[in-house]
Each structure stands twice: as structure tokens, then as C-alpha cells.
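Let's walk through this model together, moving from single residues out to the pair of chains. Keep the viewer open as you read.

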Number of protein chains: 2
Amino acid sequence: MNPSFHKCWLSDTPDAVPRTVREAAEAELIGLNVPYRINVTNGGDGFTISREGDVYILSGGETGILYGAFRLRTLLINEPPAFREISESPSFTHRIINHWDNINGNIERGYSGRSFFFDNNDIKYDTARLRHYARMLASLGINGVSVNNVNVTVPAMKLITPERLPKLAEMAQIFRPYGVRLILSVSFASPVVLGGLPSADPLNAETAAWWKEQMNLVYSYIPDLMGVVVKADSENQPGPFHYGRDHADGANMLAKALAPHGGYVYWRCFVYNCRQDWRDGDTDRPKYPYENFMPLDGRFDENVVLQIKNGPYDFQIREPVSPLLGAMKHTAQALEFQIAQEYTGQQVDLCFLPSLWREVLNEDFKIKHIAAVANTGNDYNWFGGYLAGANLYGYGRMAWDSSLTPEAVADEWCSLMFEDAEARGVVKNMLLKSRGIYESYTTPMSLGWFVRPATHYGPDPLGYEFSQWGTYHRADENAVGIDRTERGTGLTRQYPPKTAALYDDINTCPEELLLFFHRVPYSHILKNGSTLLQHLYECHFKGAEDAEGLLTDWTALEGKVPEEIFSNVLSRLRLQVKNAREWRDVFNTFFYRLTGEGDRQGRKIYS
Amino acid sequence: MNPSFHKCWLSDTPDAVPRTVREAAEAELIGLNVPYRINVTNGGDGFTISREGDVYILSGGETGILYGAFRLRTLLINEPPAFREISESPSFTHRIINHWDNINGNIERGYSGRSFFFDNNDIKYDTARLRHYARMLASLGINGVSVNNVNVTVPAMKLITPERLPKLAEMAQIFRPYGVRLILSVSFASPVVLGGLPSADPLNAETAAWWKEQMNLVYSYIPDLMGVVVKADSENQPGPFHYGRDHADGANMLAKALAPHGGYVYWRCFVYNCRQDWRDGDTDRPKYPYENFMPLDGRFDENVVLQIKNGPYDFQIREPVSPLLGAMKHTAQALEFQIAQEYTGQQVDLCFLPSLWREVLNEDFKIKHIAAVANTGNDYNWFGGYLAGANLYGYGRMAWDSSLTPEAVADEWCSLMFEDAEARGVVKNMLLKSRGIYESYTTPMSLGWFVRPATHYGPDPLGYEFSQWGTYHRADENAVGIDRTERGTGLTRQYPPKTAALYDDINTCPEELLLFFHRVPYSHILKNGSTLLQHLYECHFKGAEDAEGLLTDWTALEGKVPEEIFSNVLSRLRLQVKNAREWRDVFNTFFYRLTGEGDRQGRKIYS
């Protein structure tokens with residue numbers, strides 16, 4: 001194993017092989033020499049660290065002691081803590097990581113190597129590595145992990161059969177002492193494919209019975225399975241629509257199979273028409289999640305959790321918050337983030353996502369579950385680029401404490417990663433400005449997409465413009481963007497009236513969301529006095545320059561951070577500078593060719 | 001084997017398994033009951049069919065008798081021939097088919113199934129099918145066939161080793177009785193990869209010796225190998241540039257290894273910078289073949305044949321004739337066509353290529369060799385779409401007689417394919433108008449490219465615009481096209497002065513080549529009185545309509561052609577209509593968004 005294997009925020013691996021959560025907690029406390037008591041309570045996961053006299057940890061549950069131990073480690077990393085008592089309890093009860101690992105070993109949208117769960121259509125893992133991963137997740141308070149891709153292939157369907165369950169149960173036992181429960185992605189078509197039933201119709205008694213029996217079997221192997229995640233009727237995955245049923249029919253049928261075991265059905269709301277005709281300007285993809293699910297509010301079983309992406313599109317660098325989030329008053333929901341930087345730099349370009357997540361978490365949704373797509377893989381450093389580790393760290397911390405600021409997260413992570421004080425300051429600053437920089441040289445003002453369809457990396461102005469995916473900007477010689485106001489596709493009507501009114505008016509709509517909600521003439525004057533066109537140019541000149549600034553910042557850290565981290569990040573920042581220049585030039589040329597209008601400051605735009 | 005296996009122009013398979021050309025010729029003559037004599041001569045391949053008294057065939061060689069037999073069969077297909085004597089001899093001495101078959105069984109740019117030479121990284125073929133193919137080629141006068149892709153992978157390199165040569169020799173023997181000689185694609189890197197030499201430098205004595213020995217070995221298995229084809233320093237293939245040598249150094253080194261055996265080196269001139277920066281407007285890809293090779297005229301060995309694509313770009317629906325063709329006075333050349341419709345409809349859209357080839361063959365190049373990329377595959381009907389068979393037929397016939405008109409070729413092929421007189425007339429008419437229709441709804445006036453990079457099918461206006469491939473149209477709000485005149489990139493200077501002057505002047509440049517040679521404002525008035533923009537719109541409305549016309553034409557033939565052919569072609573024409581509409585709408589919308597100017601006849605252009 002590479003010695004740098006665990007160069008994340010946990011730079012040590014304890015020798016312990018805990019069999020229970022209590023043993024895991026005790027192993028973490030050995031070096032700290034701190035006693036604990038399980039009796040007082042702020043919930044099983046919450047804890048109190050007190051230093052009245054000696055330091056000790058109190059919790060109502062073993063996991064609380066484990067989380068408290070990790071918290072204390074962090075607090076002690078630099079100096080003895082100044083607090084007298086800290087009490088914490090998590091913002092979300094279920095804090096989940098979704099892996100998009102295919103059972104063949106590839107990871108969909110994975111940018112840090114292959115799967116550490118699967119290979120060659122089978123379960124295959126390195127026990128020590130998996131235990132280290134479980135501990136990493138525990139150190140952040142993560143308590144659920146789905147291991148296989150939501151796009152479930154036929155070999156992956158077999159995970160819920162006796163052929164695979166024994167091995168899966170072994171995997172669950174590696175996670176269990178760290179308080180992490182398994183989740184499985186299942187295919188709605190399983191009763192047909194695995195069970196040989198004529199139909200997967202959720203109202204078919206035979207189908208429901210098959211799922212019940214199958215889930216009984218799964219729980220006989222993994223009694224604490226947190227549940228299943230389902231991508232149904234989405235991007236060509238099978239679902240209840242095929243049988244003329246709706247999502248409530250589908251989800252409830254599964255929920256009844258899981259309820260006796262206390263399991264949840266995480267039912268994804270990423271449902272839209274993925275065979276749109278670009279000529280059809282009335283259909284508007286981001287309206288679909290709300291349109292499909294809102295009318296079903298009240299019809300879902302208690303253990304169905306609708307899992308909703310943070311924005312109505314798909315993990316773009318900026319989107320408005322999904323109107324569906326928090327809107328359903330009688331349905332449990334999970335907020336879904338993506339840690340993997342599919343559209344946000346692919347763990348090459350620096351993009352600190354807590355800045356984005358902060359904006360979403362500012363909303364008061366009353367949501368208990370949170371999930372996010374993993375950015376880890378079998379690369380020796382877990383994340384491809386070391387700095388991408390800050391995103392997993394940030395996700396875990398904000399899932400635990402949704403009031404945390406990006407500054408606090410960056411501060412914490414840097415203090416765990418770097419010994420050198422200057423390095424900590426520089427990296428923190430790089431992280432905090434990175435999302436704005438990435439947004440600036442790619443698609444500012446929520447324009448979105450504009451990427452190469454095959455890879456989702458790098459600029460391709462018309463790559464999605466004449467495709468079936470419903471992601472159009474319709475830039476012409478006068479204007480760009482889609483009118484989604486009440487005068488356009490009407491998406492704004494999915495928001496509460498006050499918010500809708502705010503978005504409907506081009507003068508009150510937050511400018512960073514302008515091109516999502518409005519079709520805007522290039523001559524439109526923004527609050528800073530620029531025309532839209534000039535501002536788009538400016539963003540790209542500035543963004544590319546700032547990307548170079550990140551490289552300069554980092555270069556100054558040579559010798560102040562471990563050489564391996566230095567060169568790893570350096571190579572990625574160099575690629576980022578190249579990518580940013582390409583975005584700048586392609587983007588600006590595209591709009592220059594449309595408008596014939598150059599940069600008002602005379603900077604170079606290629607013809 | 002599917003009964004429709006050989007529904008090409010040869011609708012029968014003789015039982016004979018000829019061991020010699022004479023036996024093959026005799027097998028063809030059995031049914032005709034015609035005597036032959038080998039003594040008089042118009043060359044070994046030429047023949048005379050005389051009917052002074054009884055019909056008989058005369059030739060100076062056995063292959064001439066074989067070709068004469070096939071010719072006679074064609075003449076007799078409808079009625080007894082009216083001629084007294086026909087004498088023919090071929091326009092090109094070497095009439096070659098290049099397969100781009102990968103040894104893993106895929107075919108690069110293949111649209112009719114998998115390879116019938118290779119599978120699973122080995123030689124694998126059906127003997128009966130291969131014999132039928134050899135006979136098909138012989139019926140057209142083809143006398144050389146390269147079996148493996150010019151992009152030579154490591155496993156394919158091994159074709160010239162004892163591991164593969166015995167099987168390859170067996171394959172050669174199947175072709176031999178039909179007068180078809182094998183050719184192999186070889187990699188310039190073979191001495192390093194196969195031979196373990198430190199260098200493939202062509203001026204290195206060890207390298208040259210390795211090739212000599214290797215070729216001696218190859219010829220010991222296949223004594224009549226026509227030669228090798230080499231793609232060197234082209235699209236990331238290895239070549240002499242790597243060692244600071246030029247193409248003459250590279251080709252001559254190989255030529256010396258082949259010369260003792262009478263073999264040729266077909267050295268492709270498809271060499272250009274495939275890592276261009278789109279921002280660089282000075283570099284001009286189609287200038288490269290001439291620039292790379294013209295200065296080397298006189299330095300090539302006699303048995304080096306420079307193989308030159310018909311146009312300076314890459315098999316677009318229309319290009320000017322390559323300025324390199326015929327320009328080198330002291331170098332043997334081969335003209336290269338593509339029968340596979342990579343950019344011209346992929347054997348789905350109807351596009352009768354003899355119409356295109358006619359324009360090229362009108363030039364008097366004094367060239368002895370001709371080659372073309374095959375369009376055959378393991379589909380039971382050889383061509384995917386039945387009508388694509390007319391292109392292989394047309395290539396063979398025009399390689400034999402370069403004065404043949406598309407009308408004559410279409411006439412002949414239809415008479416061999418269809419019994420029904422109306423069907424013959426309708427299909428002939430469809431074939432003859434098809435190239436113009438395809439050109440009209442895709443890229444008229446030699447605009448070229450504009451296709452989806454991944455597939456080369458369907459429209460993607462900016463798919464190549466910001467890529468490394470050097471294929472830009474640079475359309476902006478005022479104009480489109482590249483100025484390649486003496487005022488621009490200067491490509492026109494590669495032509496003789498009179499031709500250059502013709503192309504340089506926008507008023508004398510043939511309008512079908514306008515956007516290749518000129519950057520033209522949309523307001524430019526064409527000879528028909530239209531503006532360029534309106535003409536581009538018109539072409540697309542008309543082209544899409546005419547594509548529907550092809551479908552209508554064909555639909556009327558139900559019951560008049562074999563059902564299997566009817567439905568096969570019907571399904572493809574339906575796809576073509578869809579493709580043509582997509583081209584029309586995407587193309588027109590792209591230019592409408594750039595210009596804000598609609599169709600003057602008010603036809604629908606989507607915004």
C-alpha cells in the first residue's frame with residue numbers, strides 16, 4: 001500500500017480492528033486519554049464534551065461517543081481547546097454518501113480512480129482500505145453509504161440475491177463499528193429480471209410479494225440496512241410509468257417491503273423528459289421534478305424519502321434552489337448534493353463546494369435526510385487531486401452542522417491537512433475564492449451547461465443546443481437564456497408567491513441567477529453598469545486570470561507543504577489554467593461571433 | 001448462411017472452387033458456353049469480346065479472360081449484345097480496395113457490420129464468404145485488396161510475423177484465383193515493437209535490414225503480395241518525422257525491402273497537423289499534403305506510390321481536387337477514394353458516389369494506381385443498405401474505365417440488381433440525384449464538416465469549431481468560410497496559375513466550391529440572384545424536401561423489388577428523411593441565430 005494512502009484529514013490509521021462502535025470510539029480515545037460516559041443525552045448521535053476539571057465526553061449513544069472523540073481530536077489538533085463545554089447534535093438525522101460505483105469497477109462520474117467496492121462484476125475490496133474509509137466517514141458523522149450506482153445494471157441487480165449477499169454482509173460489518181449503515185441501489189425492474197415475473201407493476205400483488213420476500217432475505221444478511229435508493233423513470237431507467245402507475249404507487253410498494261425492518265426508500269426526483277426535441281420551446285426540463293412529484297404530496301408512506309437535487313437542473317455551478325425542496329408538507333425528503341465535481345471541475349479544477357452548499361442550506365426546509373454523490377475512488381489519495389478532499393470533508397461537516405460557514409470548514413480542513421501556518425492561510429483563501437473563479441470562467445449568472453456532452457468538461461457552446469437533453473441557452477445575435485418567468489415557461493410559479501415575484505422581475509431577480517430565469521438582451525444594463533455582454537466577457541477574462549492566480553498562490557507553497565501534495569496539486573492547477581483559458585476564449589469568441597461586438601477594454605477575443 | 005447473403009450484383013455463387021485464374025474464368029464461362037483464346041493481346045488484364053460468327057473472348061492473360069467473362073455476363077443480362085467487337089483495357093493498372101478492418105473485428109468507419117477477415121485479435125474468416133467476395137471484386141476488375149486498417153495496432157502489426165503469416169497465406173490463396181493480390185497495412189514502428197530495435201529511424205542500417213528480412217519472410221508466404229500501405233506521421237501514427245527524417249527517407253527505406261519482390265509501398269499523403277489551435281488562423285490543414293510532399297518530388301524510389309485522397313481535406317461531400325494529384329512529375333501516385341460513406345451518409349442516407357468521382361476523374365492525372373476505402377462488412381447483404389452496393393460497383397467500374405459516366409454505372413448496376421423495368425428506372429434516377437440532395441441538406445458549396453465529431457453523422461455546427469482538427473468554418477454574424485486565396489492562407493497557389501486565378505476570384509470561382517476557397521459575406525449575391533444566406537436556407541429546405549422525394553420514389557416500388565430489399569431500403573430512407581430534417585433545422589437555426597435574418601419565403605426556421 002502506498003504510504004500516502006491516507007493523506008486526507010486522518011493522517012493516521014489506528015491498529016485497532018473494532019468489532020463494535022464502542023470499540024471504535026475507545027480506539028480513537030486511547031491517544032487522547034479521555035474518559036467517556038454514556039448516559040446523559042442529546043440524542044444517540046449527539047454529544048457533550050466537557051472540561052469541568054478533566055475533559056470527558058457524554059452521549060446518549062455509542063455513536064455519540066465516537067463522534068465526540070473525533071470532534072475532540074480536531075479541537076486538539078493545534079492547541080488545548082478554550083471551551084468549557086461543547087454540546088452538539090446533528091442537523092440531519094440521516095447523513096448519507098451515495099456512490100455511483102458500477103459493479104464492473106468503473107465509477108460513473110468518478111475522477112479519482114476505480115471503485116474500492118467492486119471489480120469485474122463482483123464485490124471486491126481491500127479490507128484495510130475499506131475500514132479506513134469507514135473511519136473517514138465516521139470522523140465526519142456520516143452514517144449511511146450506498147455502495148452501488150443508481151443506474152443499476154443487470155449484474156448489479158444481483159446484489160440483493162444470495163449470490164452476493166454474504167459478501168455484502170461482510171462489507172456491512174466493516175462499516176458497522178463506525179456507525180455507518182449500508183444502503184443499496186435497486187432497480188425497479190428486478191422482479192422481472194431477477195424474479196422472472198411477467199411484470200414489475202407496483203400494484204401487482206405478485207410483484208409486491210416478490211419485493212417483500214427479497215427484502216426479508218436482504219435484511220436477514222444485513223439487519224441494519226438503512227434502506228434502498230431508486231432511480232426510477234429517469235434517464236431511461238425502468239419505473240412505474242411503464243405500467244401506467246405513478247411514483248407514489250412505485251415507492252410505496254417498495255416501502256411496504258422495507259417498513260418491517262425499519263428501512264427507508266430513497267426515491268430520487270431526478271425525473272424529466274430526456275428525449276426532448278430542441279425545437280420545442282414549451283417543454284422546460286427543470287420544471288419536471290416539481291411537476292412530477294408535488295401533486296403526490298400526502299400519498300407517500302412514512303418511510304419513503306424523496307431525494308431531491310439541490311437545484312432543478314443537475315449539479316451546475318449555480319442554480320436556484322429546487323422549488324420542490326421543502327414544498328411538500330406531508331412527505332419526507334432528502335436533500336441531494338454532489339461532491340464529485342461532474343460539472344464543476346472534475347477534481348482537476350479547484351472548486352470548493354461548501355460555498356455552493358451554504359446557499360442551499362440557508363433555506364429552512366425542515367428536512368431530516370441528506371445525501372451526496374461521493375468523490376472518492378481507488379486513487380491512493382482517495383480524491384485524485386488532494387484539494388478535492390476538502391469537499392468530502394465539507395459535506396460531512398455541513399451535514400452534521402448545517403450552520404457551518406465555508407470559512408469555518410476551510411479553516412478546519414486546512415488545520416488538519418497542513419502543519420505550516422502560511423500554507424493553511426493560503427489554501428484556505430484559495431478554497432474560499434475557488435467556486436467564484438470556476439463560475440466566472442465557465443457559466444456565470446446561472447447560464448449552465450455549455451460543456452462538452454461526452455465528458456462534461458471543457459467548453460462546447462452548442463454541444464447540448466440541438467440535443468435531446470432539454471438543456472438549451474438559445475443564444476442568438478440579440479439575447480441569451482430562457483424566460484422561465486410567468487411570461488415564459490412559468491417555472492417561477494413553482495416557488496412561493498413572494499419568491500416567484502422576486503424572480504419574475506428582471507430588476508429584482510438576483511443577478512447571479514439571471515440567465516436561469518430570464519432571456520436577457522446583451523444590451524441589458526446590470527447593476528454594475530455593464531451591459532450583459534460586457535459582463536460575460538469580463539467574467540471570463542477575470543476568471544481565467546484568477547485561475548492563474550490560484551496557480552501563483554500554490555507555487556509559493558513549495559517546501560511548505562509535503563512535496564507529494566505540492567506536485568499533485570500543481571499539476572492540476574496547471575491543467576485548470578489551461579482549461580480556464582480555453583473557456584475564456586471559446587466562450588468569448590462564441591458571443592463575439594454572434595454579436596460582432598468586442599470587449600470594451602480591447603482585450604483579445606479571437607475571431 | 002442467410003439466403004440473401006449475396007444480393008449484390010452477383011446473385012449466384014458458382015459451385016466451383018477454382019485454384020487458378022484460368023479455372024475461375026472457365027467457371028464463369030460455363031453457363032455462357034463461350035470459348036476463349038489466350039494469345040492476342042491488349043495487355044494481361046485487357047480483353048476483346050468478338051462475335052464474328054460465334055462469340056469468343058481474347059486476351060493476352062488469364063485475368064483478361066476472367067474480366068472478359070464477367071463483362072460478357074453483364075452484357076448478356078438483358079438481351080443478346082448488339083456489338084460486333086468490344087475491346088477494353090483498364091484505365092488504372094492497380095485497382096485497389098483498402099479495408100480499414102481492425103484485427104479485433106471492428107471496422108473503422110464501417111457501416112455494414114463487422115470484419116469478414118478478423119475477429120478477436122486474430123485472422124478469422126468464412127472461406128465461402130471470402131471466395132464470394134473475391135469473385136465480387138474480380139467481377140469489377142479489382143486486383144488488389146489491403147485487409148487491415150491503416151491505423152495499425154500492436155496485435156495487427158503481428159500480421160507480418162510467422163505467427164500470422166500461414167493463415168494470411170491461406171487467405172491470399174482464396175483471392176488469388178480471382179486475380180486479386182493481397183496488400184498489408186504496416187506500422188512504421190514495427191522494428192521497435194516487433195523487432196525490439198532501439199529505433200525505427202529509416203536511415204539506420206539496422207532498421208533497414210530488419211525490414212528487408214521481414215519482407216523476405218512475408219514474401220516467402222505470399223509471393224505475389226502487391227505491397228504495403230503506410231499511414232505515417234498522420235493522426236498520431238508513427239513515422240520518419242520522429243527521427244528528424246522526411247517521408248522520402250521513410251518510404252524509400254521500405255521500398256528497398258519490397259523492390260526485390262516487385263512490391264509497392266503505398267505511402268499515404270494524409271499528413272497534417274492534427275493538434276492545431278483553433279485560435280491560429282494562419283495554419284490551414286488542407287495545405288499540408290502538398291506542402292509536405294511536393295518538395296520531395298524526384299526523391300522517391302520507383303516502387304513508392306504516394307496515395308493521395310481526392311480532395312485536400314478528408315472525403316467531404318464536395319472538395320476541390322487535391323492540388324497534389326498529378327502535380328509531382330517524378331513520383332508515382334495513387335488516387336484514393338472512399339467508398340464507405342463516412343461523411344456522406346454512412347450507408348443510411350443515399351449518396352451515389354460515382355457522381356463525385358466523375359468530377360475527379362475528369363482531370364488527366366497520368367496516374368496508374370487507384371485505391372478506395374471499402375464499404376463492405378459482415379452484414380448478410382455486405383453493405384448494410386442495399387443501395388450502398390452501387391458505390392462499390394461504381395468504384396470498380398470506374399477504376400476499370402475512368403471515362404464511365406455515373407449514368408452508365410447506375411444503369412448497369414440497376415440492370416444487374418432489378419428485374420422490373422420501372423424499378424430500374426426509378427432507382428437509377430434516385431441514385432443520380434442522391435449526391436446533390438445529400439450535399440444540399442448537409443454542407444453545400446463545399447462548406448464541409450459541421451458534423452458531430454464522435455460519429456461524423458448528423459449536424460453539430462460548432463462540433464469541430466474549437467477543436468484541434470483544423471476544420472473550421474468560422475461563421476460569425478457577417479460571413480462564413482475560410483479565405484484560402486492568395487489574399488488568405490494561399491492554398492490556391494498550390495494549383496497551376498490558371499486554376500489558381502480562377503479560384504482566387506470570387507466571381508470566377510465555381511460556386512459549388514465557394515466556401516472552401518472564400519470567406520463570403522451572407523449578403524454576397526450569387527449567380528442565381530440569391531444572397532448567400534438565402535441560398536444556404538434554400539438548399540436546406542430543398543434538400544430535406546428532396547430527401548422526402550427519395551422516400552416517395554421508393555415507396556412506389558413496393559412489390560416491384562424483392563420484399564427484403566424493399567424493406568431494407570425503406571427503413572434507411574426513413575432515417576434519411578429524419579436526418580435531412582435535422583440538418584435543415586439545425587443548420588438554418590444556426591445561421592438564423594447568427595444573422596437574425598429569416599427565410600425570404602417565410603418558411604419555418606426555429607429560433
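Does Asn588(B) count as buried or exposed? At 2% relative accessibility, Asn588(B) counts as buried, where buried means under 20% relative accessible area, exposed over 50% and partly exposed in between, with a 1.4 Å probe and protein chains only. Before going on, note that this is a predicted model, in which local features need pLDDT of at least 70 and side-chain atom pairs count only at pLDDT 80 or more, while totals for chains, interfaces and linings use all residues. Residues are numbered from 1 along each chain as its sequence is written, chains are lettered from A and ligands numbered from 1 in the order in which they are written, and side-chain values use heavy atoms, with hydrogens and water left out.

You will find Asn588(B) in helix H17 (residues 563–595) of chain B; helices (H or I, at least four residues) and strands (E, at least two) are DSSP runs numbered from the N terminus. Setting aside residues up to four places away in sequence, Asn588(B) touches Leu536(B), Tyr537(B), His540(B), Phe541(B), Trp583(B) and Ile605(B), a contact being heavy atoms within 4.5 Å.

For another setting, turn to Ile77(B), in the loop between helix H2 (62–76) and strand S4 (85–88) of chain B. Its 42% relative accessibility makes Ile77(B) partly exposed. Beyond neighbours within four places in sequence, Ile77(B) is in contact with Ser415(B) and Leu416(B).

Now for the nonpolar core, a set of buried Ala, Val, Leu, Ile, Met, Phe, Trp, Tyr and Cys residues joined through side-chain atoms within 4.5 Å. The largest one has 398 residues, and Trp554(A) and Trp554(B) have the most contacts inside it. Among the contacts of Trp554(B), leaving aside neighbours within four places in sequence, are Leu387(B), Phe418(B), Met430(B) and Phe566(B).

Finally, compare the two chains.
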